[in-house]
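Trainee: I would like to take a close look at a single part of this model and then see how the rest is arranged around that part. Could you guide me through it with some care?

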Amino acid sequence: MTKPRVKFDPYSEEFFDNPFGIYRRLRDEAPIYYDEEEDFYALSRHEDVAAALKDHESFSSSRGCDLAMERSGEVPQKSIIFMDPPEHRHMRSLLNKAFTPRAVQSQRETITELVRHYLGKADPDNFDVVQDFSGPFPVEVITRMAGVPEEYRQQVREWVDTSLHREPGRIGQTEEGMQANIATAMFYYDLVQKRRAEPQDDMISRLIAAEIPDENGGMRKLDDIEIAGFATLLGGAGAETVTKLLGTAMVVFARHPDQWQKLLDDRSKIPDAVEELLRYEGPVQYNVRFTLKEAQVPSGTIPAGKPVFLLKASANRDERAWTDPDVFDIDRDRTESQNLALGYGIHSCLGAALARLESAIALEHLLDFMPRYEVQWDGLKRVHMQNVAGYSHVPVKVLP
């Protein structure tokens with residue numbers, strides 16, 4: 001009997017629940033996948049995804065980062081993830097100053113304080129890793145850096161979660177998601193106005209004061225929409241990545257207790273564990289690009305004018321790039337291939353070092369808080385989100 005042709009539907013229940021079987025079939029049977037019904041392409045092998053991420057002249061970010069945005073034909077909000085060079089280069093060089101190694105390390109005390117605060121409130125007998133811990137603390141870190149008043153920081157996370165939610169079978173946002181986008185934009189636009197009137201020691205105030213090259217060779221200030229767009233991105237990325245990574249981490253370690261024991265025995269392995277978690281089941285599944293011209297990747301050619309899913313999570317499980325990629329091993333040889341979880345090329349994650357630091361500090365404290373634990377498997381809940389994977393609920397019982 002002939003096996004049915006592989007179908008990649010990034011908005012299906014099957015994909016949301018476990019995409020890795022679909023990824024394997026795509027890599028083997030359709031490395032350059034074309035969906036005739038929805039008119040998009042998808043790349044799943046490591047060498048193809050890495051090549052596309054590096055080729056910003058062919059694979060443009062300017063049309064958005066998901067299929068609904070590409071389809072709308074509308075110009076996305078002004079934000080660095082929706083820019084190509086030279087505009088992207090100018091903005092990136094400006095924003096990089098907020099994430100220098102020194103700037104990131106300066107957040108260590110804040111991160112540690114917040115991690116201890118949330119774990120200090122947690123009930124070991126009734127602890128949800130995401131709801132009680134990995135959900136609340138990362139957004140506090142990033143929004144504090146941006147300049148968001150304390151009383152609004154958790155609200156930012158709720159808006160982000162709502163805006164990214166997708167109903168199975170539906171490509172676009174929900175009505176609630178659109179309203180969350182509007183509320184977020186209005187909030188940050190208002191905050192920019194307040195910082196213009198009264199600058200403070202925060203990222204929004206520094207962006208207001210900054211200048212970047214304009215198209216005429218002079219210098220210009222950023223406008224309110226550009227600053228609000230970046231603050232929105234920062235809050236979203238900062239809230240989602242670490243939240244989902246840590247929730248997934250405790251599920252993965254529960255399934256691989258020998259790897260958790262390695263960390264209990266040797267805390268110096270924590271940074272390696274973060275890298276392996278990012279590779280094995282990272283929070284960002286894909287990015288969508290748009291081909292400005294006929295594009296070449298090692299597996300073949302993609303025509304101009306098409307949305308292309310770059311399946312980073314699939315690339316990180318590609319047996320052509322990694323030895324035993326479906327095995328979770330914090331001691332694996334990480335020099336084998338490039339870990340694409342936090343991007344590659346000009347659009348690699350701006351806050352990657354901060355996300356790694358937050359995750360490492362959080363794991364360090366979770367090892368102390370719950371050296372032995374059981375996941376309450378019937379209470380696990382996965383998120384259904386645009387390009388983000390992970391859990392909204394990871395209930396655990398801490399064992400004596």
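Trainee: Leaving aside its neighbours within four places in sequence, which residues is Phe137 in contact with?

Mentor: This is a predicted model, and in it Phe137, once its neighbours within four places in sequence are set aside, is in contact with Ile111, Leu114, Val115, Tyr118, Val242, Leu246, Glu358 and Ala362. Phe137 also belongs to the largest nonpolar core, which has 90 residues, and there Phe137 is listed with Phe99, Phe127, Phe133 and Phe253 as the residues that touch the most other members. The largest share of this core, 15 residues, is given by helix H13, which covers residues 224-255. Apart from that core lies another one, made of 20 residues, with Ala30, Phe40, Leu67 and Leu311 among them.

From the cores we can turn to the open space. The second largest pocket has a volume of about 360 Å³, and of the 16 residues that line this pocket, Ala98, Met145, Asp202, Met203 and Arg206 are the closest to its centre. Two or more lining residues are given by each of helix H5 (87-95), helix H9 (136-146) and helix H12 (203-209), with the largest share, 3 residues, coming from H12. Sorted by class, the lining of the second largest pocket holds 8 nonpolar, 3 polar and 5 charged residues.

Next comes the sheet. Here 3 strands form an open sheet in the order E4-E14-E11, with antiparallel pairing, and its edge strands, each of which pairs on one side only, are E4 (127-128) and E11 (373-375). Strand E14, residues 395-398, runs antiparallel to E11 and is joined to E11 by 3 bridges; within E14, Val398 is the residue that stands opposite Tyr373.

Between the C-alpha atoms of Ala353 and Pro371, which are 18 residues apart along the chain, the separation is 26 Å.

Conventions:
Residues numbered from 1 in each chain as written. Predicted model: local features only at pLDDT ≥ 70, side-chain atom pairs only at ≥ 80, totals over all residues. Heavy atoms only, no water. Pairing = 2+ DSSP bridges. Helix = DSSP H or I, 4+ residues; strand = E, 2+ residues; numbered from the N terminus. Core = buried A, V, L, I, M, F, W, Y, C linked by side-chain atoms within 4.5 Å. Buried < 20%, exposed > 50% of the residue type's maximum accessible area, 1.4 Å probe, protein only. Contact = heavy atoms within 4.5 Å. 1 Å grid on protein atoms, 1.4 Å probe; cavity = no way out; pocket = protein on both sides within 12 Å on 5 of 7 lines; lining within 4 Å. Points joined across faces, edges and corners; volume = space filled by probe spheres on them. Nonpolar A, V, L, I, M, F, W, Y, C, P; charged D, E, K, R; others polar.
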